[in-house]
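Colleague: I have a few questions about this model. Can we go through them one at a time?

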Amino acid sequence: MDVRMPGMDGIEATRLLASPAGGPRVLILTTFDLDEYVYDALRAGASGFLLKDVTAERLFDAVRVVAAGDALLAPAVTRRLIGEFVRARPRPDAASAAALAGLTPRETQVLRLVAEGLSNPEIAARLTVTEETVKTHVSRVLAKLGLRDRTQAVVAAYESGLVVPGSRPPETGRR
């Protein structure tokens with residue numbers, strides 16, 4: 001769905017499509033990188049938000065992610081939204097930090113990369129593991145932290161202080 005369309009804008013169309021229980025999942029694909037559109041699209045029920053400069057491979061991956069019931073945001077959008085969220089709530093949440101203690105070092109590493117906005121194939125390449133291994137780690141992180149999807153995982157990473165806006169992520173992967 002695009003944000004700006006003739007007749008009815010994409011936000012309103014998303015609201016109408018996504019509102020009934022069991023309605024289709026909507027992925028917004030637009031050239032308009034405006035926070036207002038991101039917020040409105042998510043409020044309307046969109047499951048994802050990507051910019052049209054995305055590669056075809058990333059777009060195909062995004063459609064599969066959204067179709068599988070997960071949420072997805074463009075990395076630049078994720079960083080901005082998390083930055084806004086953290087500015088509104090700058091104190092690390094002690095409960096979230098305690099929950100992270102139950103993660104293995106590799107799960108923590110994967111959570112950091114998810115918070116960076118990387119896809120499973122990108123994380124797999126960065127850590128020199130298979131994509132299936134990354135999926136397993138992401139699933140375990142979500143289960144251990146009691147989270148629904150990757151978006152909630154990103155929020156948890158920032159709330160706990162695991163990831164700090166503007167900081168450089170630690171080096172990952174094998175040497």
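Colleague: Is Glu 122 buried, partly exposed or exposed?

Modeller: Glu 122 counts as partly exposed, at 36% relative accessibility. The cut-offs are under 20% relative accessible area for buried and over 50% for exposed, with partly exposed in between (1.4 Å probe, protein chains only). This is a predicted model, where local features need pLDDT of at least 70 and side-chain atom pairs count only at pLDDT 80 or more, while totals for chains, interfaces and linings use all residues. Residues are numbered from 1 along each chain as its sequence is written, and side-chain values use heavy atoms, with hydrogens and water left out.

Colleague: Which side chain does Glu 122 meet in a salt bridge?

Modeller: Arg 58, at 3.3 Å, N to O. A salt bridge here is a side-chain nitrogen of Lys or Arg within 4 Å of a carboxyl oxygen of Asp or Glu. Glu 122 lies in helix α7 and Arg 58 in helix α3, so the pair ties together parts 64 residues apart in sequence. Helices (H or I, at least four residues) and strands (E, at least two) are DSSP runs, numbered from the N terminus. Arg 58 counts as buried, at 12% relative accessibility.

Colleague: How many salt bridges in the whole structure?

Modeller: Seven. One of them joins Glu 116 and Arg 126 at 3.7 Å, N to O. Glu 116 is in the loop between α6 (105-115) and α7, and Arg 126 is in helix α7, so this pair ties together parts 10 residues apart in sequence. Glu 116 is buried at 16% relative accessible area, whereas Arg 126 is partly exposed at 36%.

Colleague: And what does Asp 2 pair with?

Modeller: Lys 52, in a salt bridge of 3.0 Å, N to O. Asp 2 sits in the segment before α1 (10-18) and Lys 52 in the loop between β2 (48-51) and α3, 50 residues apart. Asp 2 is buried at 17%, and Lys 52 is partly exposed at 43%.

Colleague: Changing topic. What volume does the largest pocket have?

Modeller: About 390 Å³. Of its 17 lining residues, the closest to the centre are Val 65, Asp 70, Asn 120, Lys 135 and Arg 150.

Colleague: Which elements give two or more residues to that lining?

Modeller: α3 (56-67), α7 (120-127) and α8 (131-145).

Colleague: How do the lining residues divide into nonpolar, polar and charged?

Modeller: Seven are nonpolar, three polar and seven charged. Asp, Glu, Lys and Arg count as charged, Ala, Val, Leu, Ile, Met, Phe, Trp, Tyr, Cys and Pro as nonpolar, and the others, Gly among them, as polar.

Colleague: And the pocket definition?

Modeller: On a 1 Å grid over the protein atoms alone, a pocket is an open set of points where a 1.4 Å probe fits, with protein on both sides within 12 Å along at least five of seven lines; lining residues have an atom within 4 Å of a point. The volume is the space filled by probe spheres set on the points.
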